Amino acid sequence: GEDFVLTNSVLNLFMLILDYCSCSQLLNLTSINDIEYRLIELLNLFNSKTCQLVLGAGAVKLGKIKTISAKILGITCRSLQFVKVVLPKIKSNFDQFRVNQQLKRFL
């Protein structure tokens, strides 16, 4: 029920997350574990790059922006909060896939 102001990078990340989730529905348990691991790597990379570009002023060094303003910090913070809100839903989604796959093996 919250409103979020998101950057294009977060929207693209969210679309990738949805693709990972939909792929995991089609695969077996071993593949689900691999997809989950790759998704974790993707989220870690996103977090690391966000920190480098905004908090480490990497975007200024690259010439993408002149300064890191409070607005940029606010949008970045809100984008990361969105990812934080989505993470438990992703985890429960993968947990459900894992349970379904284990049930299929027993049936």
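This section describes the fold, the surface and selected side-chain pairs of a predicted model.

Residues are numbered from 1 along each chain as its sequence is written, and side-chain values use heavy atoms, with hydrogens and water left out. Because the model is predicted, local features need pLDDT of at least 70 and side-chain atom pairs count only at pLDDT 80 or more, whereas totals for chains, interfaces and linings use all residues.

The protein averages a pLDDT of 80, where pLDDT is the predictor's confidence in each residue, from 0 to 100. A score of at least 70 is reached by 87% of the residues. The protein has 4 helices and 0 strands. Helices (H or I, at least four residues) and strands (E, at least two) are DSSP runs, numbered from the N terminus. The order from the N terminus is α-α-α-α. Among these elements, helix α1 (residues 8-26) has the highest mean pLDDT, 86. Helix α3 (residues 58-61) has the lowest, 66. Where pLDDT is low, the predicted coordinates should not be read in detail.

Of the 107 residues, 24% are buried. Buried means under 20% relative accessible area, exposed over 50%, and partly exposed in between (1.4 Å probe, protein chains only). The protein exposes about 7600 Å², by the Shrake-Rupley method with a 1.4 Å probe. Carbon and sulfur atoms supply 61% of that area.

The model contains 1 aromatic pair. Rings of Phe, Tyr and Trp (its six-membered ring) pair if their centres lie within 6.5 Å; planes under 30 degrees apart count as stacked, over 60 as edge-to-face and the rest as tilted. F14 and F82 form this pair, edge-to-face, at 5.4 Å centre to centre with 65° between the planes. F14 lies in helix α1 and F82 in helix α4 (residues 70-106), so the pair ties together parts 68 residues apart in sequence. F82 counts as buried because its relative accessibility is 15%. F14, at 25%, counts as partly exposed.

The structure also holds 2 salt bridges, each a side-chain nitrogen of Lys or Arg within 4 Å of a carboxyl oxygen of Asp or Glu. D34 pairs with R38, with the closest N and O atoms 3.1 Å apart. These residues are 4 apart in helix α2, so about one helical turn separates them. D34 is partly exposed at 35%, as is R38 at 43%. D95 and K91 form a salt bridge at 2.9 Å, N to O. Both lie in helix α4, 4 residues apart. D95 is partly exposed, at 27% relative accessibility.
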